[in-house]
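Here is a short briefing on a two-chain model. Look at the sequence and the structure first, then read the points below.

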Amino acid sequence: MDRHNTVQLSRRLFLSSVAMFTVTATSASFARSLSGSLPWAPMSSDPPMQVVSGGWQFFTPQEAALVEAIVDRIVPADDLSMGGKEAGCAVYIDRQLTGAFGTSSRLYTQGPFLPGLPTQGYQGEANPAQRYRVGLASIDAFLKQRDGKTFAELQPADQDAFLAAMEAGKVDLPNGVKAPGFFGLLLQNTMEGFFADPVYGGNKDMVSWRMLGFPGARYDYRDHVSKHNQPYPRPPVSIEGSPEWLVKRS
Amino acid sequence: MLAATAGAALLAITPVLAADQADQIIRGQYQAVLGDCAGCHTRPGGKPLAGGLPLETPFGALVPPNITPDHETGIGNWSETDFRNMMKSGVGHNGVRLYPAMPYPAYTRMTEQDISNLWAYMTTVEPVSNKVEANQLPFPLNIRLAMWGWNLLNFSEASFQADPSKSAEWNRGAYIVQGAGHCGTCHTPKSFLGADQDSSFLQGASLQGWFAPDITNNAQSGLGKWSEEDVVTYLKTGVNAHSIASGPMAEAVENSTSKMTDPDLKAVAVYLKSLGSDTGNAQAPKPDEARMAAGEAIYHDNCSACHGGDGAGAGALFPTLVGNSIVAQGNPETLARVVLAGSQAVHTTGAPTTPSMPSLAWRLKDQEVADVLTYVRGSWGNSAPAVSSDDIAAVRKELAP
């Protein structure tokens, strides 16, 4: 009674399978063979849009103040580098939230929405733009009720304590926002802003690359590949260029 | 009976005639290769010789006409004599005067036999109906009769003058270069009337937004550092150890020189290498140090990945910039154009890879292009003059859509 084993080779099935075979064989013979030059056109380029700082495209002023205060605690100004605010991390996040990242336009975003494993990351319905809007509002609401202050008005030590509590899941934010997940999103995006190419709005003056000795947007090291245990001598370069390119008059 | 005999005689003769005729057509087809007719008269992807893309001359636009044997729109009504006179004197069917964008000042040196062979081939090309409005010059230049005066001043019908003191190979090369090959049409500087300046024959000229380099044996700007083999390899494949063809020369290699026979290419090389020119050998003044420092940084951040930190390039893929003839020209037009727009090597059987250089117009400002070119032209033994940002701005403006 196992129907899977009783497929009968009907006349119709036989004909359609022959037809299928013919179609497959014919399409194979249409495989294109390119000859001559590779496709190329003068003046063609597809560079990333260079972020111009100034103004906010996604954040309200209140949200921007909160995000700038948070990124300045995730990357505090110290002996190694400027802080996340000055480096442009909030500008980076603002511009990303207005683009494909913010709207998840390049991801599958239909249901079903089921709780995932920790390794699977966020599995909810909201896109990053919606998560920021709700998440930032819930932080403001929580702190206003607990301390009567905004995040930016707290002392640095208190700010750190609050962020640590978020990360550890010890804060119950309103509107169903899961604090560890939202903190993870903030941390991830702040790091991106700090370490990504300055063309995207953060990493001002290639500050993180200079800190690390990362040479930037280069793609060939033939002249240096055999120089073992020697530091790479050239300063970093961004997609948008380098201050070294300017003629310096003394 | 008589008719039958005549018929039999005809039958006997016809195959011989046909073989002769086929031979003549094949020889004529090779003349079309030497003359690069398709380079102007065939649109990219278009029917052979059915009309080309507009030529932007300093005087206005001229569109290479349909030269297929179509009666309405081509040259189907022309006689061989019309064709011969046009090639020799620039006056075509019905006395129509051609503009010297058609290189009859060079073709005039072709032999009667070669022109006759070429005509035999032209009559076998597939007729294509394609009406071309060739003359798009502004008034009064659009009056073809003006060419009567131009010819009076600048042109005389000529034949190739062989030099008996030189080898047959040299003379063959001279005949191709001065005649069908019409190298001087691009490589010889023009007077204000657009005529070749014979005193500067093949010493490099600017046209259509490109600078056609010096191809005399000049050690600095010309072929002085190239061996005859280098010249042959370049013309045959579009690339050699010194340079990769770009722009209009890439098209000339694709349509014409890569299809020439090896003995002809060798003859061209022998002739070009014999041409002396002593202009332009002065060492350029030492470039400004601050500009050189900026140029070096720009070079290492944008160019060295392919062309190497020392400008040596990588074989046939990335041209060397050391002694490169495009780098060495006094006029930086081609160099600026290649950096701004990018460039692609031509596809030939001998060099099928077609490596390309990306456009850097989006990344480098005019001053930065000028500085990096000044650095390249003043480094590794190169000694070409500095480039100004105005030079770059002019080329960028020309490239703007």
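Axes are lines fitted to C-alpha atoms, for helices over the stretch in contact, and angles run from 0 to 180 degrees between N-to-C directions. Helices (H or I, at least four residues) and strands (E, at least two) are DSSP runs, numbered from the N terminus. This is a predicted model: local features need pLDDT of at least 70, side-chain atom pairs count only at pLDDT 80 or more, and totals for chains, interfaces and linings use all residues. Residues are numbered from 1 along each chain as its sequence is written, while chains are lettered from A and ligands numbered from 1 in the order in which they are written.

**Chain A: overall**
- Chain A has nine helices and zero strands.
- Its pattern along the sequence is α-α-α-α-α-α-α-α-α.
- Of its 250 residues, 24% count as buried (20 or more other C-beta atoms within 10 Å of the residue's own, placed from the backbone; exposed means 12 or fewer, and partly exposed lies in between).
- Among contacts in chain A with a separation of 6 or more, 60% join residues 24 or more positions apart; a contact means C-beta atoms, placed from the backbone, within 7 Å.

**Chain A: a helix pair**
- The axes of helix 2 (residues 61–74) and helix 6 (residues 128–147) of chain A come within 10 Å and cross at roughly 80°.
- Helix 2 and helix 6 of chain A are therefore roughly perpendicular to each other (65 to 115 degrees; under 35 is roughly parallel, over 145 roughly antiparallel, the rest oblique).
- Glu63(A), Leu66(A) and Val67(A) of helix 2 meet Leu136(A), Ile139(A) and Asp140(A) of helix 6.
- This contact of helix 2 with helix 6 has four nonpolar, no polar and two charged residues. Ala, Val, Leu, Ile, Met, Phe, Trp, Tyr, Cys and Pro count as nonpolar, Asp, Glu, Lys and Arg as charged, and the others, Gly among them, as polar.

**Where the chains meet**
- Chain B and chain A put 23 residues each into the contact.
- On the chain B side, helix 12 (289–302) and helix 16 (366–377) each supply at least two residues.
- Helix 12 of chain B gives the largest share of that side, seven residues.
- By class, the chain B side has ten nonpolar, eight polar and five charged residues.

**Helix 16 of chain B**
- Eleven of the twelve residues of helix 16 of chain B are buried. Among them are Val369(B), Leu373(B), Tyr375(B) and Arg377(B).
- These buried residues pack against helix 12, helix 14, helix 15 (333–341) and helix 17 (389–399) of chain B.

**Nonpolar cores**
- A nonpolar core is a set of buried Ala, Val, Leu, Ile, Met, Phe, Trp, Tyr and Cys residues joined through C-beta atoms within 7 Å.
- The largest core has 59 residues, and Val231(B), Leu235(B), Ala245(B), Val268(B) and Leu272(B) touch the most other members.
- Helix 11 (residues 262–274) of chain B gives the most to this core, seven residues.
- A second, separate core of 34 residues includes Val91(A), Phe162(A), Val177(A) and Trp209(A).

**A loop residue**
- Ala312(B) lies in the loop between helix 13 (304–307) and helix 14 (325–328) of chain B.
- Ala312(B) is partly exposed because 14 other C-beta atoms lie within 10 Å.
- Leaving out residues up to four places away in sequence, Ala312(B) touches Thr320(B) and Val322(B).

Technical notes:
Contact = placed C-beta atoms within 7 Å.
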